[in-house]
Amino acid sequence: VSGTLDQVTGEIDAGQLTFMASASLSSTLYVDATTGDDANTGSLADPFATVGAAFAAASDGDVIEIGNGTYTVSLSPTASDPSVIFRARARHGVTFQGAADWATGKSVDIFYNSDSSSTKDYRFEGIKFERSRYAIRTKTSGRVTVFDCEFRYNGWSGAGLNTVYPSAVSGVLGYDSPQADIQTFWNGGAGAEVANGGALRI
């Protein structure tokens with residue numbers, strides 16, 4: 001391809017053309033816990049109320065922009081679901097929680113892609129993740145990008161983790177060699193949940 005700003009000549013192969021077309025078709029869907037409704041269209045003036053409704057309406061490459069607030073989220077994408085970006089409108093003004101209370105949340109995964117055939121990519125930007133078993137968990141070959149997010153009060157209520165500090169196995173707080181988890185810690189509650197974390201499992 002050659003030419004000036006006002007005239008371009010040359011050839012674009014089919015792969016480039018397909019990429020350009022799909023990039024131009026991506027859009028932004030909006031979520032607002034205060035003004036939204038899941039019957040809305042998802043535009044800035046007509047936002048969804050929940051992250052789940054926006055994800056169900058999304059296409060590959062879409063951005064889901066989320067207004068300030070706390071959202072109860074439990075997404076289980078499959079290979080047929082789209083690659084999307086989850087973006088907080090204001091940095092750390094958005095909280096994803098498994099449930100409002102820890103007793104319930106410790107059994108809920110906020111984002112869990114268990115479909116090993118999936119190649120979809122997901123990106124999370126500026127979001128807080130709280131009160132879940134796993135905040136983000138995936139078994140796929142797709143890419144997961146976590147940018148400027150916070151994780152706290154996430155834990156796994158199962159057995160067999162070696163994260164009680166100091167660990168007799170690894171000796172490193174926050175590292176669980178059998179489960180290959182990057183972990184955060186719940187500072188309340190009792191029993192195993194006090195030390196067992198589950199921020200990311202990828």
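Strands, as the term is used here, are DSSP runs of E covering at least two residues, numbered from the N terminus. The model described is a predicted one.

The pairings for which bridges were counted are set out below.

| Strand pair | Sense | Bridges |
|---|---|---|
| β3 and β4 | parallel | 4 bridges |
| β4 and β6 | parallel | 5 bridges |
| β6 and β9 | parallel | 4 bridges |

Within these pairs, Val-31 has Ile-66 of β4 as its bridge partner, and the chain passes from β3 to β4 through helix α2 (residues 51-57) in a right-handed β-α-β crossover. Strand β4 (residues 62-66) is mostly covered, with 5 of its 5 residues buried; Asp-62, Ile-64 and Ile-66 point one way from the strand, whereas Val-63 and Glu-65 point the other way. Ile-64 stands opposite Phe-86 in β6, and Val-84 stands opposite Tyr-122 in β9.

The largest pocket has a volume of about 160 Å³, and β6 (84-88) and β9 (122-125) each supply at least two residues of its lining. The lining consists of Ser-83, Val-84, Ile-85, Asp-121, Tyr-122, Arg-123, Arg-143 and Thr-145, which divide into 3 nonpolar, 2 polar and 3 charged residues.

Technical notes. Residues are numbered from 1 along each chain as its sequence is written. This is a predicted model: local features need pLDDT of at least 70, side-chain atom pairs count only at pLDDT 80 or more; totals for chains, interfaces and linings use all residues. Side-chain values use heavy atoms; hydrogens and water are left out. On a 1 Å grid over the protein atoms alone, a cavity is a set of points where a 1.4 Å probe fits but cannot get out, and a pocket is an open set with protein on both sides within 12 Å along at least five of seven lines; lining residues have an atom within 4 Å of a point. Grid points are joined across faces, edges and corners, and a volume is the space filled by probe spheres set on the points. Ala, Val, Leu, Ile, Met, Phe, Trp, Tyr, Cys and Pro count as nonpolar, Asp, Glu, Lys and Arg as charged, and the others, Gly among them, as polar. Two strands pair if DSSP finds at least two bridges between them. Buried means under 20% relative accessible area, exposed over 50%, partly exposed in between (1.4 Å probe, protein chains only). A crossover is right-handed if, with the strands pointing away from the viewer, the path from the first strand over the helix to the second runs clockwise.
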